[in-house]
Amino acid sequence: MLNIERLKMEVKGITLTDDEYKIYLDENDLMATEVYQSNSISNKRKIYATALSILESIANNPNSMKDYKLDDMTVSQYHENLMARIDQLQAKIDKLQQEENTTNDTSFFMLFND
């Protein structure tokens, strides 16, 4: 599975062109055509960060919410669910960042050296 395919799984239901997905991936230091590495904390974090960028772009575009209605869901419900998903992704990213820092020991430094 490629990074672009994994990203599309994460933002299922949001329709963008492949070029738009590639731009979002590039902004988060991922190549769309590279193989997704599910065992890499860094890769997961970058996929989630890319999905977060996409959702934030949607949330910042009031025109996309103007006429949005799906079944019985109103615009306000859509916005509330979108904001909840953004919060979930941010929490996942923060958790993965913490795990990544723990495994890399970046928070440890040597103050004195003999």
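Me: Which residues of helix α1 (residues 3-10) are buried?

Reply: In this predicted model, Asn 3, Ile 4, Arg 6, Leu 7 and Glu 10 are buried in helix α1, where buried means under 20% relative accessible area with a 1.4 Å probe, protein chains only, and a helix is a DSSP run of H or I with at least four residues, numbered from the N terminus.

Me: What makes these buried residues of α1 line one face of the helix?

Reply: Seen down the axis of α1, the buried residues fall within an arc of 160 degrees, so they line one face; the arc is that of the directions from the helix axis to the C-beta atoms.

Me: Why is Asn 43 called buried?

Reply: Asn 43, which is found in helix α3 (residues 41-59), has 8% relative accessibility and therefore counts as buried.

Me: Which residues is Asn 43 in contact with, leaving aside its neighbours within four places in sequence?

Reply: With contact meaning heavy atoms within 4.5 Å, the partners of Asn 43 beyond those neighbours are Asn 3, Leu 30, Val 35, Tyr 36 and Gln 37.

Me: Where in the protein chain is confidence lowest, and where is it highest?

Reply: On pLDDT, the predictor's confidence in each residue from 0 to 100, helix α4 (residues 62-66) is lowest at a mean of 59, and helix α2 (residues 18-27) is highest at 95. Where pLDDT is low, the predicted coordinates should not be read in detail.

Reply: Local features need pLDDT of at least 70, side-chain atom pairs count only at 80 or more, and totals for chains, interfaces and linings use all residues. Residues are numbered from 1 along each chain as its sequence is written, and side-chain values use heavy atoms, leaving out hydrogens and water.

Note on methods. Buried < 20%, exposed > 50% of the residue type's maximum accessible area, 1.4 Å probe, protein only. Helix = DSSP H or I, 4+ residues; strand = E, 2+ residues; numbered from the N terminus.
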